[in-house]
Amino acid sequence: MNWPTNTRSPGQVIPKCVSYLIGTLALLLICAAADARTIVDARDYAGYAWSPYLAGAGIGVLSWLTFYFSDKPIGASSFYALLAGFLGKLIAPRHTASLVYFKDNPPRVGWQAVFVISIIVGGALAAVTGGEFTNEWLSPMWTERFGDSMTLRAAVAFAGGLIMAFGARLAGGCTSGHGISGTLQLNLASWIAVICFFIGGISVAMFLFKW
Amino acid sequence: MIDPGKAVKKWGKNPAQYVDAAPELIAGAMFGLAFGFLLQKGGVGKFHVLIGQLLLQDFTVAKVMLTAIVVGMIGVFTLHHFAKVNLHIKPTQIGSNIIGGLLFGAGFALMGYCPGTAAVALGQGSWDALFGMAGLIAGSWMFAELSGWTKRTIENWGDLGKVLLPDLLHVPRGVFVVGFATALTALLVLLERFNTR
């Protein structure tokens, strides 16, 4: 169909690339589920090192500290938008600067960026001290369910990351920004978002791992 | 029509405009280190723990999150009562919170890590997080590409501004915090009773 340029077709509520994305996702889901082998149970694999209540309480106290000392809530997802912004600045500076999101949120190497990079180091420290450093490209639970194809895992993880980041930006945060910081501030937006995280997550996970 | 010249100028050439001061960066590093450490020790950097939550087999994620919410809520609202901290409330836009939330969840189930726990997974040597992180960067870019459109459409659906649960229910904040903390703790007790993990 040829719509005149610069006008939007009246029926086109969803942009083309979004509908392509939804189509690709559906296809990927069906392929992955069709390739599935056995029924898996997450409890067959090692769980937490410390009590989840202890870790949770620690994170709660940490949020007091970030509010008090840095005047910032804990959050992770905008770090990836920051990386996207810096990459965009390198590749197409003018185009990047013209995008509404980057105008509203100019990329900045700040507290957020250092915070997320340090999460990697903190995770490494905890894993090494607890003897839990895995050094593996595929999680055993994934392999048991979907086999050892790296291509499948890479494609599914990449697509997942893509949809997740899009959702996080639209919803205004991730499992940290909404799921912990927003909910603990009793923000209505965060409670709506976190409930939807789990509705979406449970539906797709059940389809992928139990179907 | 957007004038790209102005926006480029706004970003500036002076590093001070896009790099924070050293004390702030050091604080960020310390807090990030602690956050990553606690997440890994809590087990939520593991693929099967996160997917196990979505399969309703392993409730570690819910336990970590709910405990953090109860403890965090009591402290932050107490500090806020004594004017020691500011609240950082994101506006409620029902349309984008629901659609974005559902998309986030779907992506979470596919990737097996969320943005913060992907960083933990990378640190603990679960290299598949790298594919997901590449996807996160691509998805953030895609959102930026469409941000003009989302701002005109989805973000206006049910835009209520900044709303807190106690304000919505017309209950004093202190009363709500105490009641809600009790309710969430009761939920944790129930979870512990009916689930081994």
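How many helices and strands make up the secondary structure of chain B? The count is 9 helices and 2 strands. Here, helices (H or I, at least four residues) and strands (E, at least two) are DSSP runs, numbered from the N terminus. Along the sequence, chain B reads α-α-α-α-β-α-α-α-β-α-α.

Some ground rules. This is a predicted model, where local features need pLDDT of at least 70, side-chain atom pairs count only at pLDDT 80 or more, and totals for chains, interfaces and linings use all residues. Residues are numbered from 1 along each chain as its sequence is written, while chains are lettered from A and ligands numbered from 1 in the order in which they are written.

Stay with chain B. Its C-alpha atoms fill a box of roughly 60 × 45 × 40 Å, taken along the principal axes. Chain B has 197 residues, and 48% of them count as buried. A residue is buried if 20 or more other C-beta atoms lie within 10 Å of its own, exposed if 12 or fewer, and partly exposed in between, with C-beta atoms placed from the backbone. Now contacts: two residues are in contact if their C-beta atoms, placed from the backbone, lie within 7 Å. Take the chain B contacts between residues at least 6 apart in sequence: 64% of these join residues at least 24 apart.

Now chain A. Its average pLDDT, the predictor's confidence in each residue from 0 to 100, is 89. In chain A, 91% of the residues score at least 70. Over residues 1–11 of chain A, though, the pLDDT is below 50. That stretch has 1 contact in the model beyond near neighbours in sequence. Where pLDDT is low, the predicted coordinates should not be read in detail.

Next, two backbone angles. Most residues other than glycine have a negative phi. A:Asn135 is not a glycine, yet its phi is positive, about 50 degrees. Find A:Asn135 in the loop between helix 6 (111–129) and helix 7 (140–146) of chain A. Is A:Asn135 buried or exposed? It is exposed, because 9 other C-beta atoms lie within 10 Å.

A:Leu186 has a positive phi too, near 60 degrees. A:Leu186 sits in the loop between helix 9 (177–184) and helix 10 of chain A. A:Leu186 has 24 other C-beta atoms within 10 Å, so it is buried.

Last stop: A:Ser190, in helix 10 (residues 188–210) of chain A. A:Ser190 counts as buried because it has 28 C-beta neighbours inside 10 Å. Leaving aside neighbours within four places in sequence, A:Ser190 is in contact with A:Gly173, A:His178, A:Gly182 and A:Thr183.
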